[in-house]
Amino acid sequence: MSQEKVDRYKKEKKNRVKTIKKQKVKKVFKIFILCVILGCVIGIPVGRGIYKYQKKKAAEHATISSLEFDTWFDDYWVENYYDLYKGVDYENSDASETDSIDTEGVEAEDIDVNVEPEDIDVDSVEETVPEGDTNSAEEAEPVADPTGDVGE
């Protein structure tokens, strides 16, 4: 039996370098696998948290182009408010009838759009004094009403 022990010891001594290398490789492989598992266990939740935080911050400071906004607003208007104003006719509303100018008997040639300052009748213009002006009304320049009406 002792001879068997001696033979086994010699064999182990002969292969000792190989066995030590195998043990080192196994040890490094085990450490690598444990690091990968630990990285997944810690890294995935932390990474997801960072991603969600960055996405939230980016959404707070996000900008869109004017074309995208116009498209969105048009769609929003049609979905939410179009039915409220669908039957309204702005041309025949009461406000346009009371504010309209009576143009019966006036032809297009009679209307002079280009009025020069020399053409304004000074006697028909009402003199006004701006508020807070302490000068007399005679010193103030006359102001012409653009509609042609004299006073109200």
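Modeller: Happy to! Let's start with a nonpolar surface patch of about 1100 Å², made by Ile64, Phe69, Trp72, Phe73, Tyr76, Trp77, Val78, Tyr81, Tyr82, Leu84 and Tyr85. Please keep in mind that this is a predicted model.

Take Leu84 as a way in. Leu84 sits in the loop that links helix 3 (66–80) to helix 4 (94–99). Its relative accessibility is 60%, so Leu84 counts as exposed, the cut-off for that being over 50%.

Now step back to the chain around the patch. Its secondary structure consists of four helices and zero strands, which gives the pattern α-α-α-α when you read along the sequence. Of the 152 residues in the protein chain, buried ones make up 1%. The chain exposes about 15200 Å² in total, and carbon and sulfur atoms supply 56% of that area.

Helix 2 runs over residues 16–60, and from its first C-alpha to its last it reaches 64 Å, close to the 66 Å expected for its 45 residues at 1.5 Å a residue. Along the way, helix 2 bends by about 30° at Gly43, with a proline, Pro45, following within four residues. Helix 2 is hardly covered, too: among its 45 residues, the count of buried ones is zero.

How values were computed
Residues numbered from 1 in each chain as written. Predicted model: local features only at pLDDT ≥ 70, side-chain atom pairs only at ≥ 80, totals over all residues. Heavy atoms only, no water. Helix = DSSP H or I, 4+ residues; strand = E, 2+ residues; numbered from the N terminus. Expected span 1.5 Å × (residues − 1). Bend = angle between axes of the 7 residues up to and from the residue. Buried < 20%, exposed > 50% of the residue type's maximum accessible area, 1.4 Å probe, protein only. Areas by Shrake-Rupley, 256 points an atom, 1.4 Å probe, with all protein chains shown as cover. Patch = residues over 30% accessible without salt bridge, like charges linked within 9 Å, V, L, I, M, F, W, Y side chains within 5 Å. Salt bridge = Lys/Arg side-chain N within 4 Å of Asp/Glu carboxyl O.
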